[in-house]
Amino acid sequence: MKILIAYFSWTGNTRIIAKEMASVLQQEHYVSVFEITPLKERNYWKWLLLSFIPGSKVQIKNIDIDPSEYNHLILGTPKWTLSCPPFNQFISTLNWKGESSIFMTYGGFDEDRYLRSLQKRLEKFGHKISGTLKIKRSEIEKNKYKDKIRRFLVEQQLTR
Ligand SMILES: Cc1cc2nc3c(=O)[nH]c(=O)nc-3n(C[C@H](O)[C@H](O)[C@H](O)COP(=O)(O)O)c2cc1C
């Protein structure tokens with residue numbers, strides 16, 4: 001299979017998960033990893049402000065990928081208040097009607113509602129969501145996320 005992992009990460013947690021997923025999947029599939037990067041960096045307060053605006057978007061660096069080359073998309077985002085602008089921008093420009101799964105890292109507040117609403121939004125764009133995974137920041141800090149990732153990928157039938 002050809003799998004695309006596309007993620008945004010500001011403080012590095014979501015990147016850790018993306019890289020671990022890639023290293024598991026690369027043993028069986030052709031995997032591309034793409035990091036969503038804002039055109040302009042912002043400080044915490046500016047990001048926080050934008051994260052309170054539902055659906056807010058910011059410009060991101062050029063996306064040099066053609067999703068139609070892939071069989072499965074894995075999308076990763078941090079949970080930001082009501083909205084993660086770089087990730088919003090990416091998914092709104094992505095033309096994808098195939099199968100995807102979502103992973104999200106979070107601190108520990110309101111994550112289930114956020115993940116459900118993200119899933120609905122992607123389904124409206126045409127994605128067929130085959131699974132979702134949430135990983136708490138503290139699990140990453142304690143290095144307790146690898147089994148969870150493996151189980152998730154087995155459930156998705158992306159690995160054995
Ligand atoms: C602007 C901002 C808003 C956040 N809002 C929430 C929140 O509402 N709920 C929550 O559980 N975590 C929240 N977090 C914490 C992040 O979701 C968490 O630290 C995540 O793992 C960060 O991922 P990253 O390191 O890939 O950027 C927020 C972080 C930032 C920077």
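The following legends describe close-up views of one predicted model.

In this predicted model, local features need pLDDT of at least 70 and side-chain atom pairs count only at pLDDT 80 or more, while totals for chains, interfaces and linings use all residues. Residues are numbered from 1 along each chain as its sequence is written.

**Figure 1. Overall fold of the chain.** The chain contains six helices and five strands, where helices (H or I, at least four residues) and strands (E, at least two) are DSSP runs numbered from the N terminus. Along the sequence, these elements follow the pattern β-α-β-α-β-α-β-α-β-α-α. The radius of gyration, taken over C-alpha atoms, is 15 Å, close to the 15 Å that the globule rule gives for 160 residues, so the chain is as compact as a globular protein of that length. The globule rule is 2.2 Å times the number of residues to the power 0.38. The C-alpha trace spans about 40 × 35 × 25 Å along its principal axes.

**Figure 2. The five-stranded sheet.** The open sheet has the strand order β2-β1-β3-β4-β5, with parallel pairing; two strands pair if DSSP finds at least two bridges between them. Strands β2 (30–35) and β5 (128–136) stand at the edges with a single partner strand each, so one side of each has no neighbour in the sheet. From one strand to the next, the twist averages 15 degrees, with axes being lines fitted to C-alpha atoms and angles running from 0 to 180 degrees between N-to-C directions. Strands β1 and β3 pair in the parallel sense over five bridges. Tyrosine 7 stands opposite glycine 76 in β3.

**Figure 3. The largest nonpolar core.** A nonpolar core is a set of buried Ala, Val, Leu, Ile, Met, Phe, Trp, Tyr and Cys residues joined through C-beta atoms within 7 Å. A residue is buried if 20 or more other C-beta atoms, placed from the backbone, lie within 10 Å of its own. The largest such core has 33 residues, and those with the most contacts inside it are Ile5 and Ala6. Strand β1 gives the most to this core, with five residues. Not counting residues up to four places away in sequence, isoleucine 5 touches Ala18, Met21, Ala22, Val31, Val33, Ile74 and Gly76; a contact requires C-beta atoms, placed from the backbone, within 7 Å.

Figure 4. Helix α3 (residues 85–93) is mostly covered, with seven of its nine residues buried. These are Pro85, Pro86, Phe87, Asn88, Gln89, Phe90 and Ile91. Among the elements that cover them are β1 (2–7), α2 (44–51), β3 (72–78) and α4 (111–125).

Key:
Buried ≥ 20, exposed ≤ 12 C-beta atoms within 10 Å, placed from the backbone. Contact = placed C-beta atoms within 7 Å.
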